[in-house]
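Please look over the sequence and the model below before reading on. The paragraphs that follow walk through some of its side-chain surroundings.

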Amino acid sequence: MTKLRVGVIGAGTISQVEHIPNLLALGDLFDLVGVADPSAIARQFVTDTWGVFCYEAPDQLFDQRLDAVVVAAPDPLHHELVMAALARGLHVFCEKPLCYSPVEISDIVAKRDAAGKVVQVGYMKRFDPAYREALAVLPGSAQTLRQVSVEVHDPDAWPFIAHSRTRFGNDVPDELKQDAGRKKHAQIERAFGKSLPKLAFGGFSSVYSSALVHDVNAVHGLLDTLGVPDGEVVGGQIFAGGDGGQGTVRLLDGQALWTMTHLTVPKLAEYRERITLYFDDAMLELEFPSPYLNHHSTRLTVKKSDGHTLSSNHIRPGYKEAFVEELRGFWSAIVDGAPVVNLPEHAARDQKLLIGLTNRYLETI
């Protein structure tokens, strides 16, 4: 079996809780060569905990004869790191959001095509067993769809990673943090063609692009399976000081409506994430656990009505972990030529919708 030499850029929460241990567990598929991070504290922790050699700079990691790289660095660095990896002839797995702007994503698409490499975006929900089963058991059609509802409240990661071994460095040089901040402002200004007010800037970059983007991508997959085309953004709000984001999309010329809300509730140690599709005589609901609770199954429920008789079917297709399965999918796309599940083109579509929500919000202030 082909083993891919892989490196990880970024040693933050997602790498410490998911990518590093998962790549090591998939030792038959990947040889984790090293991790790059500017924090000496994080580098030492990774080496002490997992025995993985660490580098201060991405270029040092690129020099280690890699086949592929996992980009889990701060969001404003994604574009340059993906482009640099492709220039080195590497396959790339990049965490979401791939980029803030579809224009930047088009740069990546062109570079990917020229290099002939795989680029996969880290939308792990597409690999969730319950999500994949939902695509197979949708109880309606485009002709009977009435509403898509997304509701998420989230305290952030703290209640769900306390049992994990983590350590985060506070020693990143100020000049690197300031440089990332400048890049973030420049990229978001490029996405909108103008600078944004503070609340819109924060809401777009966090609650929309870092949180709700997962559900936007998942719903796009469900709508594609139903044959429902992209709709019209008719509403968007950023609220709760930028911790809340809401959006409304008109589907099928008004036959159906897609509503979505994501809210951070910082001191409530509960996570709830639901995607519900309503049809004329049926509904399908996915209720996801916190993504950091590995192997906790997503609850898939299908309800149908035959006259007065209601049937409710709870479907559990297994306990495979989506964060692990997306890495298997990455390996299979590279080695077996399997279709890439999450393409940059999908990320561009998602960001276009999130930009539309933000523009709708801007119209109201």
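Over which ring does the charged end of Lys 125 sit? In this predicted model, the charged end of Lys 125 is placed over the ring of Phe 288, at 5.0 Å from the centre of that ring.

In one of them, the ring centres of Phe 93 and Phe 330 are 5.8 Å apart and their planes meet at 65°, so the pair is edge-to-face. This pair links distant parts of the chain, since Phe 93 belongs to strand S5 whereas Phe 330 belongs to helix H10 (residues 322-335), and 237 residues separate the two. Both Phe 93 and Phe 330 are buried.

Another pair is formed by Phe 192 and Phe 204, whose ring centres lie 4.9 Å apart with planes at 85°, so that this pair, too, is edge-to-face. Phe 192 is found in helix H8 (residues 174-192) and Phe 204 in helix H9 (residues 198-226), so the pair ties together parts that are 12 residues apart in sequence.

Returning to strand S5, which spans residues 91-95, we find His 91 within it. His 91 has a relative accessible area of 12% and is therefore buried, as this value falls under 20%. Apart from neighbours within four places in sequence, the residues in contact with His 91 are Asp 67, Ala 68, Val 69, Lys 117, Val 118, Phe 330 and Ile 334. Among these, Val 118 has its backbone nitrogen 3.0 Å from a polar atom of the His 91 side chain, while Phe 330 is the residue whose ring pairs with that of Phe 93.

Cys 94, for its part, is in no disulfide, and its nearest cysteine sulfur, that of Cys 99, is 7.0 Å away. By this rule the count of disulfides comes to 0. Cys 54, at 13% relative accessibility, counts as buried, and Cys 94, at 0%, also counts as buried.

Methods:
Residues numbered from 1 in each chain as written. Predicted model: local features only at pLDDT ≥ 70, side-chain atom pairs only at ≥ 80, totals over all residues. Heavy atoms only, no water. Helix = DSSP H or I, 4+ residues; strand = E, 2+ residues; numbered from the N terminus. Buried < 20%, exposed > 50% of the residue type's maximum accessible area, 1.4 Å probe, protein only. Polar contact = N/O pair within 3.5 Å; in protein donor to acceptor, adjacent residues only side chain to side chain. Contact = heavy atoms within 4.5 Å. Phe/Tyr/Trp six-rings, centres within 6.5 Å; stacked < 30°, edge-to-face > 60°. Lys NZ or Arg CZ within 6 Å of the ring centre and 35° of its normal. Disulfide = S-S within 2.5 Å.
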